[in-house]
Protein chains: 2
Amino acid sequence: MYKINDNYLKLPEGYIFSTIAKQVASFKEKNPDKKVIHLGIGDITQPLAQNIINTLHEAVDEMSHIETFKGYGPEFGYEFLRDAIVKGDYKSRGIDISVEEIFVSDGINSDAGNIQEIFSVDNKIAVCDPVYPVYIDTNAMAGRTGNYNRITKRWSDVIYLPCTPDNDFVPELPKERPDIIYLCLPNNPTGSTLTKEQLQLWVDYANRIEAVIIYDAAYEAYISEDNIPHSIYECEGSKNCAIELKSFSKSAGFTGVRLGYTVVPKALKCGSVSLNALWARRHGTKYNGAPYIIQRAGAAVYSKEGREEIKKQVNYYMNNARLILKGLKLAGYSAYGGVNAPYIWWKIPKNITSWEFFYYLLENANIVGTPGIGFGPQGEGYFRLTAFGTYENTLDAMERIKKL
Amino acid sequence: MYKINDNYLKLPEGYIFSTIAKQVASFKEKNPDKKVIHLGIGDITQPLAQNIINTLHEAVDEMSHIETFKGYGPEFGYEFLRDAIVKGDYKSRGIDISVEEIFVSDGINSDAGNIQEIFSVDNKIAVCDPVYPVYIDTNAMAGRTGNYNRITKRWSDVIYLPCTPDNDFVPELPKERPDIIYLCLPNNPTGSTLTKEQLQLWVDYANRIEAVIIYDAAYEAYISEDNIPHSIYECEGSKNCAIELKSFSKSAGFTGVRLGYTVVPKALKCGSVSLNALWARRHGTKYNGAPYIIQRAGAAVYSKEGREEIKKQVNYYMNNARLILKGLKLAGYSAYGGVNAPYIWWKIPKNITSWEFFYYLLENANIVGTPGIGFGPQGEGYFRLTAFGTYENTLDAMERIKKL
């Protein structure tokens, strides 16, 4: 008889964002008159920039003529897009990354989940705590995390790197040696980040202990302060130890468009084995590329007009972030993030769990946020709000919170 | 030190379609004056139907307004598309499949590669020989196939089901018990298929030995004969043992658009564990859905106008298939398929390998096809041609072959 992958059975019930969606749907059904404000999942609200819309229309038209129709694309993405990425995200910052090191995908979520496949099951992972849950969940599915303790909310074989106000959300080098280190910077959910010097310490550490860093830079476009690296490849020696994941979702409003990319430097080798070649094999075999019209839209992001429009969107959301941060502080709460990231990490009252607070906020202020515990054990006692709502709703939400 | 997944190192060098692409590029560079005809990879040449183009434009416009903009979609696909699939592909054939059993994806290649993740590594797979290489390759990457013998071109732990003219390309039930059985019908590359009665034998067998069938129905739209099932769920008892994979690539010209879906019946259980729930967890965690505009295009495929236009395209390609089949037979060759599938399986002369024939055909007739060995050991001695070229090129190719 066939057997299932029983690592799946070890996962705690329900993926956090699915659970939230269900709870909110149920609340709305019972309270059809209430205006619910969504500051929960990291979904954006502003429409696509006009330059991207125009490009999408052009690309759709190309698909309607035999001379310009596109079938299967090149396996790692169209050259025009990989080239725009190299120029726009790397060469412009003085970073030497080549087109052969760029792999276009349908989004950072897929790549963050799939990248672990090229590594042995016998590797120990380290993750920031709290952090976006996909790194742990996908390693758990692969059998790399040991057992889950439903009381402590911890996996037995994961090295947790606590990020709290006590250490200014800067993870310390762990005592136990990890093999694979996931860093999400700017961090989801805390909105915190590392300076270039702080990140360099991690790069040096990884090179010293021969670990690999999976660097998730999904929120890079939201960095506003100087000396915060936009790419891990700003650090010396990083091409020998780091894979970088990037997304168009949050930088260009592509959550419903689906596009991202992964950088695997040619210099990154495990003994004599090139990780670039392994990922190329995985990508080429299991994936057939992002749609041509979506890749065209991605290239439009790097045009002069595209850049200007997109900058305006980022500013729009960051204005919301400032509004939330200020509003929470005026209401007497501690709150973090919101300066280099579209997330605000809200310290909630001590006598209530983050899930209890979720229901409290939904029922009393009709606001949807994300319980901190969904991001790891150190997330308990916190609540994540996003800056991706409309300005009007964000303003309204802060008024409601003030009145609580 | 971190370790790689060394199952990757067992894979034979180079994915067949990547190798072909490189060889053809090199030939073209050396022979810029030669007109090369591509009947190699299964890529289509006809532009998208007008109804689909119109829908894409509409959906792009929606993305440009705040009121109609779409961010993250529902995790298993938009209800409008899942509903259209249920009605168009199942209820219309008297098959009772529910919306909750449909998972929308970016294409059958991803699903065919990812589906093995929900099963234990300790399962033995059976595959038709020859067949589309992704089933074996992705199971090899997961460590389920033992070792590869570079002489026999066989994996030690795979059960091969020979499909040759001797058995009319109908795989026989194997002596050794498989846990997971991959069936691709109509078959890529042989173009052969099973009658409903023949498929029912496999469903009964799977239920009897408690195996699961992964049924790849990518070419279902090309079935022209009666009594050939369009879905495995036409067979009794199949919902207890089968997962079905479907694609829009070959039915609606979506190779560059990227859309597919997987059906996991709720009745499909391994002991008390629902495979529908396992796949939901995999899909919800590692994937963020197909783009909204692409899902709208998918729904347009099921409209009255969409259906009519698409039927014309399928007929166009099947006319090419007839042309190739007739041409090869007139030239004195044996050839198979081409009646219920867009592939023609060409028996090549005995004294030449299929890779040698690839170069011979490229150099002497400037035609690109696919060496049979790329699909499994029983593929040696054969060559695959596709019907996806233009009519004019197909005609030209047959003239060239006649003159060889």
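This briefing walks through selected features of a two-chain protein model. The model is predicted. Chain A superposes on chain B by a rotation of 180° with 0.0 Å of shift along the axis. That is the relation of a two-fold axis. Several annotated positions in chain A come from an unreviewed UniProt entry.

**How the two chains relate**

- Superposing chain A on chain B gives an RMSD of 0.0 Å.
- In chain A, the C-alpha nearest the axis belongs to A:His57, and it lies 3.1 Å from the axis.
- Both copies use the same surface, as 100% of the contact residues of chain A recur in chain B.
- B:Ser110 gives one view of contact between the chains: leaving aside neighbours within four places in sequence, B:Ser110 is in contact with A:Lys286 and A:Tyr287.
- B:Ser110 sits in helix α4 (residues 108-114) of chain B.
- B:Ser110 has a relative accessible area of 4%, so it is buried.

**The annotated binding site**

- The unreviewed UniProt entry places the feature "binding site" at A:Tyr15, A:Gly42, A:Tyr132, A:Asn188, A:Asn288 and A:Arg384.
- These residues span 370 residues in sequence, and their farthest two C-alpha atoms are 34.9 Å apart, so they do not all gather at one spot.
- A:Gly42 lies in the loop between β1 (37-38) and α2 of chain A.
- A:Gly42 is buried, with a relative accessible area of 8%.
- Not counting residues up to four places away in sequence, A:Gly42 touches A:Lys250, A:Thr255, A:Tyr343, A:Arg384, A:Thr386, A:Phe388 and B:Tyr72.
- A:Asn188 is found in the loop between β7 (180-184) and α6 (196-209) of chain A.
- A:Asn188 is buried too, at 3% relative accessible area.
- Beyond four places in sequence, A:Asn188 touches A:Val131, A:Tyr132, A:Tyr219, A:Tyr343, A:Phe375 and A:Arg384.

**The annotated lysine**

- UniProt (unreviewed entry) marks A:Lys250 as "modified residue: N6-(pyridoxal phosphate)lysine".
- A:Lys250 is part of helix α7 (residues 249-252) of chain A.
- With 6% relative accessibility, A:Lys250 counts as buried.
- Leaving aside neighbours within four places in sequence, the contacts of A:Lys250 are A:Gly42, A:Ala218, A:Tyr219, A:Tyr222, A:Thr255, A:Tyr343, A:Phe388 and B:Tyr72.

**Helices in chain A**

- Two packed helices are described by the angle between their axes and the distance between the axes.
- The axes of helix α2 (residues 50-62) and helix α9 (residues 292-300) of chain A come within 8 Å and cross at roughly 150°.
- The crossing of α2(A) and α9(A) is right-handed.
- On the α2(A) side, the contact is made by A:Asn51, A:Ile52, A:Thr55, A:Leu56, A:Glu58, A:Ala59, A:Val60 and A:Glu62.
- On the α9(A) side, A:Tyr292, A:Ile293, A:Arg296, A:Ala297 and A:Ala300 take part.
- By class, this contact has 8 nonpolar, 2 polar and 3 charged residues.
- In helix α5 (residues 134-141) of chain A, 8 of the 8 residues are buried, so the helix is largely enclosed by the rest of the structure.
- α5(A) is followed by A:Gly143, which has a positive phi near 85°.

**Backbone details**

- A cis peptide bond joins A:Asn188 and A:Pro189, with omega about 25°.
- The peptide bond from B:Asp129 to B:Pro130 is cis, and omega is near 10°.
- B:Pro130 is in the loop between β3 (125-129) and α5 (134-141) of chain B.
- A:Arg258 is not a glycine, yet its phi is positive, about 70°.
- A:Arg258 lies in the loop between α7 and β10 (260-263) of chain A, and it counts as buried at 3% relative accessibility.
- B:Asn227, also a residue other than glycine, has a positive phi near 65°.
- B:Asn227 counts as partly exposed, at 43% relative accessibility.

**A buried glycine in chain B**

- B:Gly107 sits in the loop between β2 (102-105) and α4 of chain B.
- B:Gly107 is buried, with a relative accessible area of 0%.
- B:Gly107 and B:Ser249 are 142 residues apart along the chain, but their C-alpha atoms are separated by 7.6 Å.
- Leaving aside neighbours within four places in sequence, B:Gly107 is in contact with B:Arg258, B:Leu259 and B:Gly260.

Notes
Residues are numbered from 1 along each chain as its sequence is written. Chains are lettered from A and ligands numbered from 1 in the order in which they are written. This is a predicted model: local features need pLDDT of at least 70, side-chain atom pairs count only at pLDDT 80 or more; totals for chains, interfaces and linings use all residues. Side-chain values use heavy atoms; hydrogens and water are left out. Axes are lines fitted to C-alpha atoms, for helices over the stretch in contact, and angles run from 0 to 180 degrees between N-to-C directions. Helices (H or I, at least four residues) and strands (E, at least two) are DSSP runs, numbered from the N terminus. A crossing is left-handed if the near helix is turned anticlockwise from the far one by less than a right angle, and right-handed if clockwise. Contact means heavy atoms within 4.5 Å. Ala, Val, Leu, Ile, Met, Phe, Trp, Tyr, Cys and Pro count as nonpolar, Asp, Glu, Lys and Arg as charged, and the others, Gly among them, as polar. UniProt positions are given in the numbering used here, feature names are shortened, and annotations may be inferred rather than shown by experiment. Buried means under 20% relative accessible area, exposed over 50%, partly exposed in between (1.4 Å probe, protein chains only). Copies are superposed by least squares on the C-alpha atoms of residues with pLDDT of at least 70 in both.
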